[in-house]
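Here is a briefing on a two-chain model.

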Amino acid sequence: MRKNLLKSYESDASRLKGKALDVFCPRNVDEVRDVVLKNDRVVIRGAGTGLAGGAVPQGEVVLDLSRLTGVSNFDEGRKTIEVEAGVVLDDLQDYLRGSDLEFPVKPSSHAVATIGGMIATDAVGSRGVKYGRTSTWVKWVEVMDSMGGLEKKGVTEMSDYAGMEGITGVIVRACLKLSGIKERSASVIRLGDLDEVVNLVRRLKQRRDVSMIEFLDRAVSKGVGFGDGYHLIVEYESDDGSLKGEDYEKVMGIRDGIYPFLAGKGYIRIEDPKIMIDRFPKLMSWLESKGVPTFGHIGVGILHPCFNVEQEKSIPEMMKLVKRLGGQVSGEHGIGILKRGFVEVNDQKILWNVKKRTDPMGKFNVGKVI
Amino acid sequence: MKKISNTDRIEAGNLMEEASEIFDSCVQCGLCKGRCGVFRVLREEGFSARGKGALLSGKIMDKILFECNLCRACEESCPLGVKVCEAVLKGREAMVLLGRGLKENEKMIGNVRKTGSPFGAKSSTGEEKLFCC
């Protein structure tokens, strides 16, 4: 690739800057193998929408899988479909249109996120409360190892690849499970205090037709035009929501645009701690005391506090609080480069063992996660 | 080779500065890629608005700036309303001022000036001639 164009690959949505030695955009699995065999260090990239710097090269070669867009073996009866890594989620949904099936996991970046990237980060997204993580909906993945070997990995070995952020191999193809399309509606509910939020979330989680519970704190609510107080955006897979059709689409658009909106106001650094719902008020009170605008998938306990440059120094303090409250430092964005320092020693050991077993040559995404 | 005047150099520098400033508000979320017709066909980051932003922010002139339909689909999907096409146009203008425009474009403009047709052939049917300054 021309030297000028390498610059486009030296960052991702985390805005961390790195250095790419070269970039390859293979069109098929054979070309992927060529890149893997001819280079010592490879960083695998999908849409580049990761927020932890997982796709930022640090003096390595970038393997952009965006051109692997093949879709095959769609089985309507078994509700499965095989896709290559570079297929964009919204393109897959378009492909499935007319079949009454869809891929139910929906990260905010669904318009650009690739299936390979979603599996590699084990994306959760806003419908996590009902549909869980991406790996729940993957039947098998086809993975290329550092010697260019290709192997299908089923559910039992899925954890070696899903959520490993590309440190264990190149996911080139996957068989996805699909779900029936539901008629959806939504409601925006205003709440006065955090205890009310906790009580309502608990009640909503008991309902089978609730597929999304999104929390917006007071600052975010005001910023996106919902007015004073805390707000929950609740998506129902029934007509129980007050917003349907265009109004539903509009509120989903607002939800997808929250982070870019906050980032535009200077709150660039987005975190993703995961915490149990009963401990949520304590964390939220701390965040409010620091003036950190927060939203998130409260249905699954993931919050997205967004820090500006001055507030960034308080992130380690927040992580300590999250751990003290029994939570996880990263619920869905992954570790990448940004959160390497917060991984527990025991977790690091486990990750190193998996890395040694699956990528003994240390070729893939070196310096990420561990 | 065209001699570049100092005024053109300064003007080109200013245009690149302005183009770079337009991308100051870009948070690199990548949502612009979803609806970019050029990216969806070629599938390389450099063709997307975010990719062009990376170049223009670094004030890098590259012929990839001409690989844009100026359809504004990226602006529609940009949550921050970054005026991508305006920046791309400024980048192109700067490149042309410095004699780094596309040869094909220059040839087409030469043809219009000479014959009134972008193809260089004189019209036999009496169609209205094109004009270029």
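Leu216(A) sits opposite Phe295(A), a residue of strand 15 of chain A. Strands, of at least two residues, are DSSP E runs, and helices, of at least four, are H or I runs; both are numbered from the N terminus. This is a predicted model: local features need pLDDT of at least 70, side-chain atom pairs count only at pLDDT 80 or more, and totals for chains, interfaces and linings use all residues. Residues are numbered from 1 along each chain as its sequence is written, while chains are lettered from A and ligands numbered from 1 in the order in which they are written.

**The sheet in chain A**
- Strand 12 (residues 210–216) and strand 15 (residues 294–297) of chain A are antiparallel partners, joined over 2 bridges. Pairing requires at least two DSSP bridges between two strands.
- Both belong to an open sheet of 6 strands in chain A, ordered 11-13-12-15-16-14, with antiparallel pairing.
- Its edges are strand 11 (185–191) and strand 14 (269–270) of chain A, each pairing on one side only.
- Helix 6 (residues 194–205) of chain A packs on the sheet and touches strand 11, strand 12 and strand 13 (230–236) of chain A. The direction of helix 6 makes about 170 degrees with that of strand 12 of chain A.
- Helix 8 (residues 245–256) of chain A also packs on the sheet, touching strand 11, strand 12 and strand 13 of chain A. The direction of helix 8 makes about 60 degrees with that of strand 11 of chain A.
- For these angles, axes are lines fitted to C-alpha atoms, for helices over the stretch in contact; angles run from 0 to 180 degrees between N-to-C directions.

**Chain A overall**
- Chain A holds 12 helices and 16 strands.
- Its C-alpha trace spans about 60 × 50 × 40 Å along the principal axes.
- Of the 370 residues of chain A, 50% are buried. Buried means 20 or more other C-beta atoms within 10 Å of the residue's own, with C-beta atoms placed from the backbone.
- Among contacts in chain A with a separation of 6 or more, 70% come from residues 24 or more positions apart. A contact means C-beta atoms, placed from the backbone, within 7 Å.

**Domains**
- Chain A is assigned domain 1 (1–181) and domain 2 (185–324); such bounds come from an automatic or database assignment.
- Their centres, taken over C-alpha atoms, are 27 Å apart.
- Domain 1 of chain A gives 9 residues to the contact, and domain 2 of chain A gives 15.
- Chain B splits into domain 1 (6–101) and domain 2 (102–133), with centres 28 Å apart over C-alpha atoms.

**Between the chains**
- Chain A puts 25 residues into the contact and chain B 22.
- Helix 9 (258–264) and helix 1 (3–6) of chain A each supply at least two residues of that side of chain A. The largest share, 4 residues, is from helix 9 of chain A.

**Helix 3 of chain B**
- Helix 3 (residues 49–57) of chain B is largely enclosed by the rest of the structure, because 8 of its 9 residues are buried. Among them are Arg50(B), Lys52(B) and Leu55(B).
- The buried residues of helix 3 of chain B pack against helix 1 of chain A, and against helix 1 (6–22), helix 4 (73–77) and helix 5 (84–97) of chain B.

Note on methods:
Two residues are in contact if their C-beta atoms, placed from the backbone, lie within 7 Å. A residue is buried if 20 or more other C-beta atoms lie within 10 Å of its own, exposed if 12 or fewer, and partly exposed in between; C-beta atoms are placed from the backbone.
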